[in-house]
Amino acid sequence: MSIHFGVDYYPEHWPRERWETDAQLMKEMGIQVVRMAEFSWFQMEPQEGVFRFQWLEEAVNLLDQYGIKTILGTPTAAPPAWIIEKNPEIQPIDREGRRRYFGGRHHCCQSNQTYRGHIRRFVTAMSEKFADNPGVIGWQIDNELGNSHTDLCMCNSCRLYFQKWLLKKYGTIARLNSAWGTAFWSQGYNKFSQVRTPLITAAGENPSAMLDWKCFCSDLIVDFAKWQADIIREKCPNHFITHNYMCFDDKVNYYDLGELLDFVSNDVYPGHWQEGSHQPLYQTAAAHDVVRSYKKQPFWIMEQQSGMTGWEIMGRLPKPNQLSAWAMQSVAHGADAVVFFRWRTCAVGTEQFWHGILGHSGKPGRIYDELKHLTETFADYMDAFAGSMPKPEVAIVHNFRQNYAFQIQPHHPKLTYVKELYKYYRAFYEKKIPVDFVQDTDDLSGYKLVIAPLQFLMTPQLEQHYFDYVENGGHLVLTMRTGVKDAANRCMTERELPGRLGELCGITIPEYDCLLESTGGVLYGKKEYVIKKWCDIIELQGAKCLAEYSTGFYKQSPAITENAYGQGIAWYIGTEPDQELMEDLLSYFERCSEIATLGTAADGVEMMTRESQDQIWLFVINHTDDEQVYHLHDRYELLEGEREEFLHPFEVQLFTKQKK
Ligand code: GAL
Ligand code: ZN
């Protein structure tokens with residue numbers, strides 16, 4: 001039997017007498033795995049070198065007797081007070097030069113060698129202890145690396161690490177000076193040791209230096225994780241190693257981190273949302289899809305919301321079956337296992353109100369019953385889904401460096417890279433068209449339509465990649481701010497915008513406008529639409545104009561263009577379309593690219609497929625508390641669910657068909 005449902009469990013928060021009841025209840029609920037100990041350093045090493053693993057071993061063994069396996073977390077996101085007392089210098093420094101102190105979590109510097117020494121001692125002991133325990137199957141390194149680090153750490157140790165990283169990258173200081181454009185504002189360096197971490201400046205920052213800093217921070221986190229992974233791999237060759245990601249979070253390049261891991265895990269809290277009652281569904285869906293892309297494999301959910309969320313302020317109480325719908329949404333997008341956070345709501349600490357499956361009282365109630373029903377219904381199917389993947393015809397290009405570049409220079413105060421990706425994603429999602437995220441170095445030839453928003457940083461290789469894709473019949477959408485900068489974040493000067501890709505798109509862009517505190521309009525077809533944030537003022541060099549501006553002095557000049565190239569088409573969108581234009585435009589691109597939609601239904605009804613060698617599974621999920629009707633565009637056999645083309649509130653239906 002493989003493992004598909006689990007919980008995050010903290011036995012150390014509860015009396016020993018309770019553990020057996022927990023194990024019993026978990027077993028009855030269909031729980032097959034727990035994650036434990038990822039914040040319990042003090043309980044495992046109350047003083048330097050004094051290890052107390054008995055309680056954990058007892059919990060692992062007890063659960064194992066109930067058929068429940070364990071994933072152990074290394075507790076390195078929470079070094080205990082005695083370490084801090086001995087080595088206060090491991091607490092991180094923020095960009096204002098202030099220390100961040102003990103009392104929360106993530107109070108550690110990831111380059112600090114003294115801290116790494118503590119980790120080596122502890123992780124070695126822990127992995128030796130559990131290497132041969134039959135209850136343990138794998139490890140989660142640290143917890144949400146990059147979380148709680150607004151600026152990562154800017155201490156002296158990090159400064160030295162950064163200098164070393166730069167030396168390796170540039171070799172000579174002259175090369176660094178050229179890459180960073182230090183002729184500007186007298187920023188030249190004589191030697192690497194003069195370079196500092198980006199502590200707050202009197203005015204302004206160097207965009208090239210900042211891009212290197214962000215890439216360095218990501219590399220440092222990967223290096224920090226590797227430090228632990230190497231120990232665990234050596235001591236526990238039979239265990240897997242994973243890490244719990246945070247969707248689109250960007251402190252660490254998740255593609256790079258993924259190379260260390262056997263599989264990627266993710267944390268999802270769709271109900272923890274500031275604006276409105278939950279995260280817009282398309283954003284949760286997009287997050288699952290990007291997580292699947294990090295290793296191009298199915299993934300685990302290591303923390304799936306299992307109750308009301310909140311630290312100081314609380315979110316809405318999930319409605320009956322809403323949690324199940326969210327959990328199956330994870331599965332529909334590629335999760336092979338779902339671990340609920342957390343088993344029982346904490347009585348103490350910061351997360352007293354981040355609710356678990358059981359409430360404070362520990363008595364099983366509505367949510368326990370609901371999720372028990374879920375595991376009963378889907379346990380067998382989960383075995384069949386395992387390893388299968390969605391097979392979208394559409395891909396959206398995702399890249400951490402482009403994201404960093406827009407964090408450094410957003411252009412418009414409301415422009416963010418990930419939100420821009422969401423805007424394109426949403427239009428497909430709502431039409432029930434599955435989407436993959438891809439890296440810009442990936443083979444694109446399997447996709448009928450590729451959307452590459454904000455291709456700001458450009459290299460000759462990437463240009464060529466896009467040329468090749470279109471030349472061979474691909475349909476490519478490029479957007480505003482493409483081909484502006486080189487890989488070092490310097491503006492390119494050899495050609496007019498968008499650089500060599502202008503030939504692919506049949507356009508040049510001699511001027512542009514930022515729609516600061518205003519919006520604009522375009523005419524597309526016979527309709528006028530709202531556009532936001534940016535206008536590339538386009539001159540046609542062979543392309544066809546699809547839409548023209550209806551506002552500004554550049555009214556009537558092209559805003560969106562189409563160019564046939566080789567056997568394919570390159571579209572260029574020189575602005576940010578509002579939702580309506582986005583939908584109409586993408587409908588046109590879909591028609592040209594012959595993209596299939598899974599069906600029709602209201603927003604809030606999700607459709608997604610996973611495919612194995614010979615079978616396709618289709619998930620239809622009602623995320624609303626109303627009854628819904630829908631229509632499928634293909635014939636499938638209904639496996640779970642009451643009635644085809646009809647959904648109860650929050651119902652999840654499962655269909656299948658054989659592949660031809
Ligand atoms: C996650 C984290 C958990 C817990 C949870 C609820 O970000 O990994 O440890 O803090 O959020 O706040
Ligand atoms: Zn540091």
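Here is a short talk about how some terms apply to this predicted model.

Trainee: Which ground rules apply to this predicted model?

Mentor: Local features need pLDDT of at least 70, side-chain atom pairs count only at pLDDT 80 or more, and totals for chains, interfaces and linings use all residues. Residues are numbered from 1 along each chain as its sequence is written, chains are lettered from A and ligands numbered from 1 in the order written, and side-chain values use heavy atoms, without hydrogens and water.

Trainee: What makes the pair Asp625 and Lys319 a salt bridge?

Mentor: A salt bridge needs a side-chain nitrogen of Lys or Arg within 4 Å of a carboxyl oxygen of Asp or Glu. For Asp625 and Lys319 the closest N and O atoms are 2.8 Å apart, so the pair qualifies.

Trainee: How do you know that domain 1 and domain 3 have an interface?

Mentor: Domain bounds come from an automatic or database domain assignment, which gives domain 1 as 5-150 + 219-385 and domain 3 as 601-658. Buried area is the accessible area (1.4 Å probe) that two parts lose on being put together, summed over both. Here that is about 1700 Å², with 67% from carbon and sulfur atoms. Two salt bridges are found across this interface. On the domain 1 side, Ala332, Tyr381 and Phe385 lose the most area, together 32% of what that side buries.

Trainee: Why are the buried residues of H1 said to line one face of the helix?

Mentor: Trp19, Asp22, Ala23, Leu25, Met26 and Met29 are buried in H1 (residues 19-29), buried being under 20% relative accessible area with a 1.4 Å probe, protein chains only. Seen down the helix axis, they fall within an arc of 165°, so they line one face.

Note on methods
Buried < 20%, exposed > 50% of the residue type's maximum accessible area, 1.4 Å probe, protein only. Helix = DSSP H or I, 4+ residues; strand = E, 2+ residues; numbered from the N terminus. Arc of directions from axis to C-beta.
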